[in-house]
Amino acid sequence: VRVSRVFDDDSSADPANASPANGLHGAAATDPAPNAGRVNGYVWAVTFLTDVGDLPPLVANAFGLRLSSAMDDNRGVSAPYLQVVEQYKGVVPHNHTNVTVAGDATEVTMLSLTTGAEYGFRVTALTDQGAGAASRVAAGVPAEEPSELRTLVKLSRHTQDLLRVQYAQDADANGDAVTAYVVESSQSAAFPNGSTLVQEYAVDYTVQRIETDAHTRPFTAGAQFSLSVGDFEGSWVLFDEAETKWWGRGRDAPNRTLVNVDHGGSVVTRSRPAPGLDERLDLSKYFARGDYLRVGGQAFSVCVESDLVEHNVTGGGKQSLSYPTEALKTDSTVDTYYYAAYGPKTLPLCRADDPWTPAYYDGGPRGDDLRQAPLYKLDTSLSGAVGPAIGDAALAPRRGNRGGDASIDWRAYGLKRGDYIRVGHPRTGETFRVSTDPAKEFSDTTVPLAQADDAMLEAGLTAQALRHAAYEVQEVRIYCDAMQPALGAGFPEHCNLTAGSVSASGFRLKFGDETTAATEAGGEPGCMVWDDDATAVEAELETLVGIDDVEVTRMEMKKEYGDDYWGVRYLVTFVGDLVRGDVPELAVVSLGRDGCHDAEAEDASYVFGTNATGSVQTLQTSTVPVWRAQTTAPLPWDAEADDVKYALEALQQVCTVDVERVVETGSNGYAWYVTFTAELESRDDTRFMFSPLLGLGANEDGLEAAIQPTVTVTPVAEKLVPAPSGGGPTYVRVAARNDFGVGAYRTTSPVGLTPQTQKPDPPALVRAEVVSPTELLVEWVGPENDGGAPVTSFEVEYDPAPTFDSGAQGHAAGSVRVFASDRRGVADVQSVTVAETTGERYLGGFFALSFDGQDTQALPYDASAAAVEAALEALCTVDDVTVTRTMRCSPAPDAATDCVDPQGYTWLVTFDAVQYPGDQHTRYASPYQAVAGHKLSVDGVNLLSCATKEGLGNDPLGTDCQRAAGNVSAVATLTGSRQEVQTFICDANGGRAGGAQNSGSIS
């Protein structure tokens, strides 16, 4: 057990003043006792550390307790009061058991454990004196090789020498993650050694099957589901959380917050779009500590460490740290220290992979400072949750962790019941669902948590999430209150507490139900010297059961530092796993009393107990970042294949997919096979472990049917197996592997096949485009599988009826044979233009391009053709483009250069190779399409119109650049298609020199 003792000075502990409301049992409440507020006795808090569960109460025996006659007179009672009260009921952990082994044993096998369940273990030594302290907790998971695949393995012919095997990667892991699937093939159904081909494939998410089903139909009208990607790191989006009235003229326009950062600087500072305008958004409301941001193409995280307080900084007096012009350094000659400020106008930068280590912006070989730059954040960020604690089953949303307006409604970001969220870190945090239990409140202030695999089962935060939370920081102050009557009000210069080195006055700290009880430096156990060094206070706090690690810093309180009192302050930062997140506020107790030394009791000339005051305040409340999975719009239970395709492609973490809808045998719903046709590009600048192919999670909230509707997502693999064409059937079987071995094999259906040449697959991406009032241009891409023989020609049928039976004898109205040798293509060409529109100013700022739903990084207004080409080719939707650039000149171009003051640029983009070739305009196929018209688009909201081309960004607070002139935009962007242009020369001599020009007509 652990025991701590405190004095009880609350008169509610008296039997005469007890009531059920305060947890004590006795007579009904009466008027306060005569000695209310005086010392009544002691309270011992007993915590059972090794005994588990709800224990029988201790028995209180008051025999031997006596009251002094003076106390008897004051209290009006004749007997002491002693009571045992259960503060917290012990709870037995799930699946708890214990075994006792001999004293010389060093190992034991725990039996009858559940495969795949995580268990904690601890060991306690026993002697005749009883049980000692328990060991640290070790964790383990009983495991074995995976189970057999749960669903059918399909075998089909592919070509004359290949078979295709399709299997769902759905084997139970049995406690250890499945790492691969083993595919064996043989011409013997016994799969003998030496004549069996063994192929092993890693778990693959290229193809995923989404399936709706129900025990009993029908599905209700409006039944729907949504899909989420399995990666929470998200996509970079421009920081444009708000729209404001443009120049007060009643015209709405996005006003994105622009920022500055110096070369080698570790603070992002908000800048003004133009002199005299407001500075836009409060950065600390939209970026929580631990959030990720990107500026100038470089990724950072917002530092988790505290930025301290607004006093005791270099120079004396209180200074505002919200908008520093330079980093303040620690001065060893005075008590001052400083962390980069976190506030409305500044964000401290740390490494993207380590939010505790400062990071610095790199301005390149020239050391350029960045001015008026756009700020990016991850679109999966929900900002922070305030005051999280271990075991919490709900989150409290908050904008960052500063600012008066802390309210935020995550439902406004599209968060719904059943959606997936990750708390702490987008890669290593803890995954939950928003509870679908209607009894759990889901509002702007409360987000209920549920288990990731069952949104109806409540779940709570653990250390896995909270190790990423911002530290809670509390300030403990012990000081002399100069206004106490003992010294006479108005003489604060006389109020100096006697130093502990002269007379060791003491105090205790209380943390929750625990009180310090180890050191005797300041009196009886638990009493610390009031002005001791930080290490002594830190060591004493870490003796408490509920505190595993804190960091304590000590500072003087002096008038010359701008303080109103004289004394000391201790900053206590809670950094251990047990104290991450929200923790109880410390309390100063026993200050010069209750067994702690009081200097005044030693010498009347000393100053302490009469004037000493203790207080605690929380300087930084803990918050933890929260991330949501990118989630599609709701899809109907029977959605068309195109609906699923475009709903997924609307998510930036999904590049391009092809979708086929089928009805599986025995199913009461539909199955969609989603094939990821392009991977997301690697993003080196993020320093993230980026997952190229993503798992999907289904949110079934809103899916309703007669009985038990479900939606499941399963990764499916399709592999080709070599097979001889003339030697009888080839047999195939599949099993899962983990670190414990290979599980049971499942044979295919059918069990074996003989390969042979197949008919080709259908052509893909068939599209029609109007050429004239009587003509259509039909485009397509050849089949993915030709069946083992080259495609020689294509048959193009046309008919006014979708059933293709309007012609003779029920055939199509007409057809055209196109030979494969005639196959050819024309690359699409599109242009992008940015321009300053007044004709009197200069273009500046940044723009970004988007192609088929994927966005480039910010590009400078005058980006070279090579830079634009590289930015587009970095997108997963683009393989190869060719880019050229031309300039839009000022009204009076320079005679030598022809265009010394360009006021705009046009980039001509030729799409040489893209995922879907041909005309790069979208055609309507589904209401879920996110891209309309040109697949190539430009975002120019961060382009600026500048009075001088040299002055851009010289002033960190404001520049001569703006987005508008009056109430009219000063910049413009345009995307267009370039029509093919051909020229010819008619020459009388066929191009020979000296020929006379033909004057006749031509056609």
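Colleague: What is the strand order in the open sheet of four strands?

Modeller: In this predicted model, the open sheet of four strands is ordered 35-36-31-38, and its pairing is antiparallel.

Colleague: Which are the edge strands?

Modeller: Strand 35 (550-557) and strand 38 (612-620) are the edge strands, and each of them pairs on one side only.

Colleague: By how many degrees are neighbouring strands of this sheet turned against each other on average?

Modeller: The average is 20°, with direction ignored.

Colleague: How many bridges are there between strand 31 and strand 38?

Modeller: Strand 31, residues 472-480, is paired with strand 38 over eight bridges, in the antiparallel sense. Within strand 38, Gly614 stands opposite Ile478.

Colleague: Which strands does helix 4 lie across?

Modeller: Helix 4, residues 534-541, lies across strand 35 and strand 36 (566-574). Helix 4 runs at about 140° to strand 35.

Colleague: Turning to the open sheet of three strands, what is its order?

Modeller: The order is 40-12-43, and the pairing is antiparallel.

Colleague: Why is one side of strand 40 and of strand 43 left without a neighbour in the sheet?

Modeller: Strand 40 (635-636) and strand 43 (696-699) stand at the edges and have a single partner strand each, so one side of each has no neighbour in the sheet.

Colleague: How many bridges join strand 12 to strand 40, and what is the bridge partner of Gln224?

Modeller: Strand 12, residues 224-229, is joined to strand 40 by two bridges, and the two strands run antiparallel. The bridge partner of Gln224 is Pro636 in strand 40.

Definitions and conventions
Residues are numbered from 1 along each chain as its sequence is written. This is a predicted model: local features need pLDDT of at least 70, side-chain atom pairs count only at pLDDT 80 or more; totals for chains, interfaces and linings use all residues. Side-chain values use heavy atoms; hydrogens and water are left out. Two strands pair if DSSP finds at least two bridges between them. Axes are lines fitted to C-alpha atoms, for helices over the stretch in contact, and angles run from 0 to 180 degrees between N-to-C directions. Contact means heavy atoms within 4.5 Å.
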